[in-house]
Amino acid sequence: MCAWDWQAGKNAVVCGPMEIIIQENAERAARMTAKLIADAVREKPTLVLGLATGGTMEKVYEFLAEFHAKDSLDFSRVVTFNLDEYVGLPAEDPRSYRYYMEEHLFRHVNIKPENTHLPDGTASDLKSECQRYEELIKSSGGVDLQLLGVGRSGHIGFNEPLSALRSRTRATTLSPVTIEQNQIYFGESAMPSRAITVGVGTILESRRCLMLALGKQKAAVVAKALEGPISSMISASALQLHPHCTVIVDEEAAADLKEKEYYRLIFKTEPDWEAYR
Ligand code: F6R
């Protein structure tokens, strides 16, 4: 594990490989993800935290809310940037990602509303909105820790197949696989076919990436992303280029990984992981 020095803003040692951690179930995987975030907030109270939405993150946010309530985890100086938002959905729409964030995290912790950022999917000029978002991330000092899920299409954020590895924040068309994945949140009504997403290049500029994948439906894409070739067809594979990326998976999502035993051995052996075992 390569230790990140949050204060100095650099890696304390030259980074090693991607860190892949297999937890026995979804609950433990989500708890460890939340613990890593909580530790980063304690080390740097002004942390710039990149956030993701979706089913995978619900438990992570539940744990963060619990750490706030029981262990006084302080979000008062934390600044957040979400990865994406649907085009056309206002904040009051229960299916918007702004609404999701309020429901699952923001209203449960002491974060300042003005410190929480999501792209505005209702902006009349989407190009300027994307540029504004990129600039805001930059002027806030850049993302320290980026939380990520992975879609069945291989996306991180909404960087669907073909997203350039250096892509920036933009409005994009969702793939059929993603529409099938997320239609459940829209019931009978058609879901938006476009979304604003930060780019793969933007994500790779975060100082640390933390990806969580759960369940057997993610097993194939996790194996492609972590052990397959780096390709714009699987945006999550771009994380192999990141100098400090930690991936937490449960047993089901790890099912198709070839080198599982080696990843387990690393986690069991590396002294830096002791507090998380
Ligand atoms: C959403 C996001 C997406 C999701 C991914 C997994 O903000 O960034 O990349 O993380 O679609 O979604 P779930 O967790 O619902 O399987």
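Which residues line the largest cavity?

## Basis

This is a predicted model, where local features need pLDDT of at least 70 and side-chain atom pairs count only at pLDDT 80 or more, while totals for chains, interfaces and linings use all residues. Residues are numbered from 1 along each chain as its sequence is written, and side-chain values use heavy atoms, without hydrogens and water.

## The cavity

Phe81, Asn82, Leu83, Ile137, Val143, Gln146, Val198, Thr202 and Ile203 line the largest cavity. A cavity is a set of points on a 1 Å grid over the protein atoms alone where a 1.4 Å probe fits but cannot get out; lining residues have an atom within 4 Å of a point. The largest cavity has a volume of about 50 Å³.

Its lining has six nonpolar, three polar and no charged residues.

## The ligand

The ligand is surrounded by 15 residues, each with a heavy atom within 4 Å of it. The closest are Thr53, Thr56, Asp84, His155 and Lys218. The shell holds four nonpolar, nine polar and two charged residues.

A polar side-chain atom of Thr56 lies 2.4 Å from a ligand oxygen atom. For His155, a side-chain N or O atom is 2.6 Å from an oxygen atom of the ligand. For Lys218, a side-chain N or O atom is 2.6 Å from an oxygen atom of the ligand.

How values were computed
Polar contact = N/O pair within 3.5 Å; in protein donor to acceptor, adjacent residues only side chain to side chain. Nonpolar A, V, L, I, M, F, W, Y, C, P; charged D, E, K, R; others polar. 1 Å grid on protein atoms, 1.4 Å probe; cavity = no way out; pocket = protein on both sides within 12 Å on 5 of 7 lines; lining within 4 Å. Points joined across faces, edges and corners; volume = space filled by probe spheres on them.
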